[in-house]
Every structure is written in structure tokens, then in C-alpha cells.
Amino acid sequence: MTENKAASSSAVFEKTSESNSNSDIEQQREDATPYTGVVDEKEYGHVRRGLKARHVQFIAIGGIIGTGLFVGSGAALVRAGPGSIFLAYSIVGTVIYSLMLAIGEMTTWLPIPGGLTVYAYRYLDSSWGFAMGWNYTLGAALTVSAEVAAAITLIEFWTTEQPKVAWVILIIGVIFLLNIWVVEGYGEAEFVFASLKIITILGLLFMAFILFLGGGPNHDRVGFRYWKNPGAFNAYLVPGPKGKFFGFLKSFVNACFAFGGSEVICVAASETLNPRRNIPKAVRRTFWRVVIFYIFGVLAIGVLVPYNDKGLTTALAEGKSGSAASPWVAAIVNAGIDGLPHIINAVILSSAWSCGNSFMYAASRNLYALAITGNAPKIFAKCSKRGIPMYAVFAVFISSFLSFMVVTDNSAKVFEWFMNVTTLSSLFNWLTLFLSTIRFRKAYLAQGVKTQDLPFHTPLMPYAAYYGAGMVVFFILISGFDTFHDFKAKTFIANYCGVLMFMIPFIGHKIYSIFVKQEPMLEPRQIDIFTGKAEVDEWERQNPAPEPKNLWEKIWYTIV
């Protein structure tokens, strides 16, 4: 049945191609994205492929490096100590690598519009797709507001004279323009932002190595002294070993927030040129990105700054703005290096702006996916001639007006509230992706597809997917455990609101699908894994990936 659908869809694609002029055919080959939605493609249009190899690689990097590494790691260090955050970030890093492997298998087999939502809809059931789509859309939209709030705190590091409302309008206005014009605009912005972040974190790691050996202005050879005094683990909530364990558990929450957004590459797959070449390259390099940027990063922080550092603890306690609460700035100040805090603040500001840009893109594309699957108003499926779901982008832009909360409240408090809500939302997205991968694997094996037939496969699957799903469930369960130590309704709601963002649409749609639509649970052999694949295969045949022509291009292709 699914093969017939694919063949029929392919025939339509070929017929349409033949009816156009030669120039139109070439343009269609360049831009076409396989469409599998239920709304009329001719009336509403569709997204197109415009993201190049370098865009994909830097989007993947941008999804890894964010404000959680530059600033959020400071609160984690003070709360739990260097040993706890090193272990927690390393463990969550293995989950992220497992997630990228799962994304690699699904997206390279079928890189179609809707990505996350469509995979959940097809491989799990319609209720999972509905809940996943709305949870991701709302969570990503809220994250835009969270990053704008973070950006305001960074600007306040320099000045508080200008009204906050002006900064909010400027930030969300630029993000909107980058997303509404062409997809290449988003890609180019992420290329620039990610380049700044890479240069900065590599520079900071090099600085940490020099300071570790005593090469700073004060010639103090730090070594691992702070792991001995005051120690590698700090007690949280209660004193003693139990408190140290609680600190370790809480570190997982900070790590999950820091890695949030890693899955955005899956959202971008349908708008990527040569996705079966570029997505696997990004996935394979995730391991080294996690090791270099995060594991080495938190290790460097723990080596250079004690968890009871006076400057850092005071900045956090007083809610100081911008990079004042960054452990990197604390390390720079302790080493007697002048001027760098302002540079670090500027880079962190670009990081917050980058994350806002990425999440507006992700939210709009998931709203578009909901519309083309019939789970949101059709107007959000409408695309411009440039392949931008313009009404979906505009809807996310309107939702980002929540950023104006910073005008009437403390920017740091607003950011913390948004962070608590969106972290759980991200965890449910990760869980859905892992479960979708497990069902996808069962489906293709049941339908005679071998693992070797996949454009991207790894011997770690399906074990990595089961491991990742189990760990994400664990993270969800412990995410707000400290709420019950000193129970406050406001804190409880902030910590677990993200659960409701997923469960309310899931339960509501499940009741509708069972009692109204009477949808059966599909067996693996009944799951549709082929619709849209014929078009992808045809596009790949007609648009082979470019080959390097000289030494410079070989080096560039190796990097990106």
C-alpha cells in the first residue's frame, strides 16, 4: 500500500516536471522539496531546499554551543561543584550523541517537510505527532522569548539607560527579518553566529590550558587544586554525602538546558541541499563537538574556578547582569586579565541572538508541519514564492512579544522562568524522537528493508535509542525534585508546566482518536515509511553532491 502511494506520488512529480519548460525544470530540481501534506500544494506552496553544506554544519554547532555553556554553567558549578557538572554534562553528552544518531537514520531515509512532527505522526501514531508538534512549536516559541530575555540581561551589563522595550523591539525585529526573507538568510546568520562561538570557545579553552600551567599574568599554576580544596562536589539542599548527590542530580537539569536545540538539524533537513550527504557529516561530528566544546569546557571551568569563588557566588546571589555571572569571566578576573569580560559579554549576546534565530526557525517549521498534516489551521501551511511559511513565521513572531515581560520584571527572573518551562519541553521532544526511531527500525525491518539499505546507519542502533529514551525518562522524573524540599506552588508550576505542554494535547487527541476517529494502533509492517521517498531518490539522482575540484575545495569540503 505504501509503495503504491510512493509510486503515485512519484508519477505526479514526474508529470509536473515534464509540463514545465527546461528552465523551470532546472529551477524545480534545484529547489524542490518532496511534499507529503494533506493541504493543496499548488494553492499553499511548499518549503524549498536552500541550506548549503556549511549552513548545516554550523547549524549543528550552533545547536550545541549556547548560553548554557557560557553562563548557565556558572550556577551549576556553584550549586554542585566541578566533579558533578563534569559527570552530568558528560552523561547528557552521550544522550545527545545517541539522539543525533537517531536523527541521522530517520532524516536521511526521508528528509521531508515536517521532520520531527511527521516522523512521530507516522512511526508512533497521530496523537504523538499532534502532541509533539504543538509541544515543540510552543516550547521553541517560548525559547525565543527566553533568549531575548537573556540578551537583555547581557545588554544591561553595559548600560541600563536605554528603555528595555527598545532593545526587545530591535532583537525580535532582526530575528523576524532573518526568518521571513529566505531560508538562506537564516543559514547565513547561523554561519556567522556559530563562527563567533567556535572562535571564542576555542580561545577560552586555549586560555584555560595556559592558566592551568601557570602562564597567566600572576603566574599562578592552578592545576587541580580546587578539586581538593574546596573539593570536587558541593552539597545542595542538605549537608553531607546526600547533599552532594542532590547537587549531582540537579546538574542534569542545567546540562539538559545547555544542550537544548541540538535537534534543530532534523527540522532543517527538508530545506538542506543534498541532505543524505550533509546530515550524516553533521551527525558523525557531534561526538567531537560534545567532547571539545562541552566536556573540555566544563572541565576547564572546574579547574580554574572553585565552587565557592567569591566573585561568582556574589554575582549569582545579587542577580548581576550579563557575563558577570559567567564562570569564564570569574576565571579571567582571578587570573588578572583585563578587558576580556566585555568581549565575552559580546559573544554571549551573539549566542543568545543566535539561539533566538534558530528557535524562531524551528517553531515556524513545526507549526507548518502541523498545518500540512491537518493539525493546525491551513493558513500556517501557506508559503511564499521563496519557500518561507510566512504566516507560521509571523505567528511565532507575535508569540515572541512575551519578551516584553522583561519591561515590567527583572530580566534574569524572566529568563529563569522561561528556562524551566522550555527544558522539560525539550526533553519530551527528545523522548519522542528516540521512540520514533525505535518504531522506524521495527517498521523497515518488517517491510524487508535491511540496515545496510539506509543512507546512514550505525552499529550502535537500536541500543543507543533505547539508552537515550531511558535516560530522558530519568531526566524528566528528576527535573524538579528539589521543588519538594521546600514546596512552593509557583516554583512547582514553573518546573512542571512543561509536562502539561505535552500531556494535555496528547491525552486530548488520544481520546479523540480512540472514541471519534477510532484509529487502530498500526503494526510495524503497516507503518508508512515510503511515501515521499521516491521523490527524494529522484532529486538525489538529478542533483548529485558537488565534488571538490582543487586542493582548497578538498580542504573546505572536509571542514564543512
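**A tour of the predicted model**

Start by selecting helix H10, residues 183-212, together with helix H15, residues 286-304. In this predicted model, the two helices pack at an angle of about 40°, and their axes lie 10 Å apart. H10 and H15 are therefore oblique to each other. Turn the view to follow the crossing: H10 passes H15 in a left-handed way.

Now show the side chains at this contact. On H10, pick Ile198, Ile201, Leu202, Leu205, Ala208, Leu211 and Phe212. On H15, pick Ile292, Phe293, Phe296, Gly297, Ala300, Val303 and Leu304.

Next stop: a charged pair. Side chains of opposite charge can pair when their charged atoms come close. Select lysine 250 and aspartate 482, which form a salt bridge. Their closest N and O atoms are 3.1 Å apart. Lysine 250 sits in helix H12 (residues 240-259), while aspartate 482 sits in the loop between H22 and helix H23 (489-515), so the pair ties together parts that are 232 residues apart in sequence. The count of salt bridges comes to six.

Last, color by confidence. The mean pLDDT of the protein is 79, and 83% of its residues reach 70 or more. Where is confidence lowest, and where highest? Helix H1 (residues 2-19) is lowest, with a mean of 38. Helix H22 (residues 463-478) is highest, at 94. Now select residues 1-32, where pLDDT stays under 50. The model has 36 contacts beyond four places in sequence for this stretch. Where pLDDT is low, the predicted coordinates should not be read in detail.

Note on methods:
Residues numbered from 1 in each chain as written. Predicted model: local features only at pLDDT ≥ 70, side-chain atom pairs only at ≥ 80, totals over all residues. Heavy atoms only, no water. Axes fitted to C-alpha atoms, helices over the stretch in contact; angles between N-to-C directions. Helix = DSSP H or I, 4+ residues; strand = E, 2+ residues; numbered from the N terminus. Parallel < 35°, antiparallel > 145°, perpendicular 65-115°, else oblique. Left-handed = near helix turned anticlockwise from the far one by under 90°. Contact = heavy atoms within 4.5 Å. pLDDT = per-residue confidence, 0-100. Salt bridge = Lys/Arg side-chain N within 4 Å of Asp/Glu carboxyl O.
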